[in-house]
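The sequence and the coordinates come next.

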Amino acid sequence: MQITASMVKELRERTGAGMMDCKKALQETAGDIEAAIEAMRKSGVAKAAKKAGRIAAEGTIVVAAAADDSRALVLEVNCETDFVARDENFQGFAHSLAEALLEQGDETPDAYAATSLNGGAQAAEDARQELVTKLGENISVRRHARVQQSSGGALGIYVHGIRIGVVVDLSVDNADLAKDLAMHIAAASPLCVAEQDVPADVLAKERDIQLAQAAQSGKPDAIVEKMVSGRMRKFLQENTLLGQAFVKDPDVTIAALLKKHNAVVNDFVRYEVGEGLEKKEDNFAAEVMQQAGLSGG
């Protein structure tokens, strides 16, 4: 029987298991989804999947770079607690996966699943599931991105602890400048390089916010429009790399710094652990009261 993408999708949604495991289970059960679920439970795959619904907004950012600095890869792997994020087994998995992904060209979200770790000894998805069972937390590979060095340029790499990772592609061969820019981006968190790179929906949303705030002043429409225009200029200055003041010398903008060195930032990637993810808020007092059958009122 032919195993279709929709069958794999349904099994993934019902078990939370990886794509490759779902496909394999369906092949072994001739497309019988119920039989596949039972087989996955017996093999232990579903055991790891039980934790897949938990919020995993902690974790680590790692950067892997080629020996000649011609390319680098930024990877985020998530878990549930900072304690596990610092575990040597978790960190070892993340670093091994980043190195393996650097060597292959697939950027799709599930690309890691078929990646081999430790010299081909183990599939990455199998290693992830073993880690879930060993550490007792949901662990997910969230995203990765590759940055290629421009011809004659330099890559700037900076990792702040385990929570922020930055790679910058600079047009000139100046390692010190590239590193300074990577550190700046880690600290200042620009949305993009230049004003023209800011997504239209981000601009529209910000303009709506500023317009609503300015309208509350009760001033004439023409004055309100000038207020909004000024605030939007400030927004673009503060949120684009070229408009920002250099963190090591606030009297100099990044645009001026790059001009001084006759350089251009072609691209950058900045990852921060958990950005954009919902985080679980623990209320231990309420939890204890609930378990004791007491009301907080």
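## The sheet

Strand 7 (residues 164-170) and strand 10 pair in the antiparallel sense over seven bridges; strands count as paired if DSSP finds at least two bridges between them. Val167 has Val269 of strand 10 as its bridge partner. Helix 8 (residues 175-188) packs on the sheet and touches strand 6, strand 7 and strand 10, where contact means heavy atoms within 4.5 Å. The direction of helix 8 makes about 40° with that of strand 6; axes are lines fitted to C-alpha atoms, for helices over the stretch in contact, and angles run from 0 to 180 degrees between N-to-C directions.

The sheet is open and consists of three strands in the order 6-7-10, with antiparallel pairing. Strand 6 (154-160) and strand 10 (265-272) are the edge strands, each pairing on one side only. From one strand to the next, the twist averages 10°.

## Basis of the model

The model is predicted: local features need pLDDT of at least 70, side-chain atom pairs count only at pLDDT 80 or more, and totals for chains, interfaces and linings use all residues. Residues are numbered from 1 along each chain as its sequence is written, and side-chain values use heavy atoms, with hydrogens and water left out.

## Overall content

The protein has 12 helices and 10 strands. Helices (H or I, at least four residues) and strands (E, at least two) are DSSP runs, numbered from the N terminus. Of the 297 residues, 42% count as buried, that is, under 20% relative accessible area with a 1.4 Å probe, protein chains only. Among contacts with a separation of 6 or more, 60% come from residues 24 or more positions apart.

## The hairpin

Strand 8 (residues 245-246) and strand 9 (residues 249-253) run antiparallel and are joined by two bridges. The two strands form a hairpin with two residues between them. Phe246 has Asp249 of strand 9 as its bridge partner.

## Helix 9 and helix 10

The axes of helix 9 (residues 200-215) and helix 10 (residues 221-239) come within 9 Å and cross at roughly 135°. That makes helix 9 oblique to helix 10, since angles under 35 degrees count as roughly parallel, over 145 as roughly antiparallel, 65 to 115 as roughly perpendicular and the rest as oblique.

Residues in the contact include Val202, Leu203 and Glu206 of helix 9 and Val224, Met227 and Arg231 of helix 10. By class, the contact has 11 nonpolar, two polar and four charged residues; Ala, Val, Leu, Ile, Met, Phe, Trp, Tyr, Cys and Pro count as nonpolar, Asp, Glu, Lys and Arg as charged, and the others, Gly among them, as polar.

Key. Buried means under 20% relative accessible area, exposed over 50%, partly exposed in between (1.4 Å probe, protein chains only).
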